[in-house]
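Open the model in your viewer and get ready to select residues by number. We will go from stop to stop, and at each one you will hear what is there.

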Amino acid sequence: MERVNIAEPSFKYDDSDPKGFRGGSFRFGSLLGAEELGTTVYELPPGQSICPYHYEYAEEEWLIVLAGEPTLRHPEGSDRLAPWDVVCFHRGPAGAHQVRNDTHQVVRVLMYSTVKHPAATVYPDSEKIAIWTGNHNDDVIVHRSSGVDYWSGETAR
């Protein structure tokens, strides 16, 4: 039996993350051989967010607050969450969300989601759409305005 303990995870921080998005992550689903669920514990220092405001079309995501009081931005506004609060982010625009730490204490949350490819993620604030194929070389993030007509570049043979 494979197992991990998330009481004191080894968080990884990415120095290339921009200011405001410098949270630590401990991705452990793959350590347990998970194929259909992605699971991560995030640690957010004060003033940081996990990622930009977004929603998914292929995946359902869940959040469990482990420590601290994160702020959850959602389509109806923002709410402060408390330890052991659980939230489900449904697929599509109604599930839009961003988790940030507006307090002076470190926040820890566990997030998990279904893992499906291909998948599309929409970032409303920056007007971007990402397509995740499962093959990094074919993944793409574009601004909505860069869309082309279906027949663009096509010729009959």
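Start by selecting lysine 128 and tyrosine 123: the charged end of the lysine sits over the tyrosine ring, 5.5 Å from the ring's centre. Keep in mind throughout that this is a predicted model.

Now look for another charge over a ring. Select arginine 73 and tyrosine 53, where the arginine lies over the face of the tyrosine, 3.7 Å from the ring centre.

**Rings beside rings**

Next, show the aromatic side chains. How many aromatic pairs are there? The count comes to four. For one of them, select tyrosine 55 and tyrosine 57: the ring centres are 5.6 Å apart and the planes meet at 75 degrees, so this pair is edge-to-face. Tyrosine 55 is buried, with a relative accessible area of 9%, whereas tyrosine 57 is partly exposed, at 45%.

Move along to tyrosine 150 and tryptophan 151. Their ring centres lie 4.7 Å apart with the planes at 85 degrees, so this pair is edge-to-face as well. Are these two residues buried or exposed? Both tyrosine 150 and tryptophan 151 are exposed.

**An open sheet**

Switch to the cartoon view and find strands β3, β10, β11 and β12. In that order, these four strands form an open sheet with antiparallel pairing. Which strands stand at the edges? They are β3 (55-56) and β12 (140-143); each has a single partner strand, so one side of each is left without a neighbour in the sheet.

Zoom in on β3 and β10 (residues 119-123), which run antiparallel and are joined by two bridges. Select glutamate 56 here, and you will find threonine 121 of β10 standing opposite.

**Strand β4 and its partners**

Now colour β4, residues 61-67. On your tour of its pairings, take β7 to begin with: β4 and β7 pair in the antiparallel sense over four bridges. Select tryptophan 62 to see its bridge partner in β7, cysteine 88. Then turn to β9, which pairs with β4 over six bridges, also in the antiparallel sense. There, alanine 67 has arginine 108 of β9 as its bridge partner.

Stay in β4 and select valine 65. This valine is buried, with a relative accessible area of 0%.

**Into the cores**

For the last stops, select Ile50, Leu63, Val109 and Met111. These are the residues with the most contacts inside the largest nonpolar core, which has 13 residues. Which strands each supply at least two residues of this core? They are β2 (37-44), β4, β7 (86-89) and β9 (107-114). Of these, β9 gives the most, with three residues.

Centre the view on valine 109. Beyond its neighbours within four places in sequence, its contacts include Thr40, Tyr42, Ile50, Leu63 and Pro70.

Finish with a second, separate core of six residues; select Phe26, Phe28, Val41 and Leu110 to see some of its members.

Definitions and conventions
Residues are numbered from 1 along each chain as its sequence is written. This is a predicted model: local features need pLDDT of at least 70, side-chain atom pairs count only at pLDDT 80 or more; totals for chains, interfaces and linings use all residues. Side-chain values use heavy atoms; hydrogens and water are left out. Rings of Phe, Tyr and Trp (its six-membered ring) pair if their centres lie within 6.5 Å; planes under 30 degrees apart count as stacked, over 60 as edge-to-face and the rest as tilted. Buried means under 20% relative accessible area, exposed over 50%, partly exposed in between (1.4 Å probe, protein chains only). A charge sits over a ring if NZ of Lys or CZ of Arg is within 6 Å of the ring centre and within 35 degrees of the ring normal. A nonpolar core is a set of buried Ala, Val, Leu, Ile, Met, Phe, Trp, Tyr and Cys residues joined through side-chain atoms within 4.5 Å. Contact means heavy atoms within 4.5 Å. Two strands pair if DSSP finds at least two bridges between them.
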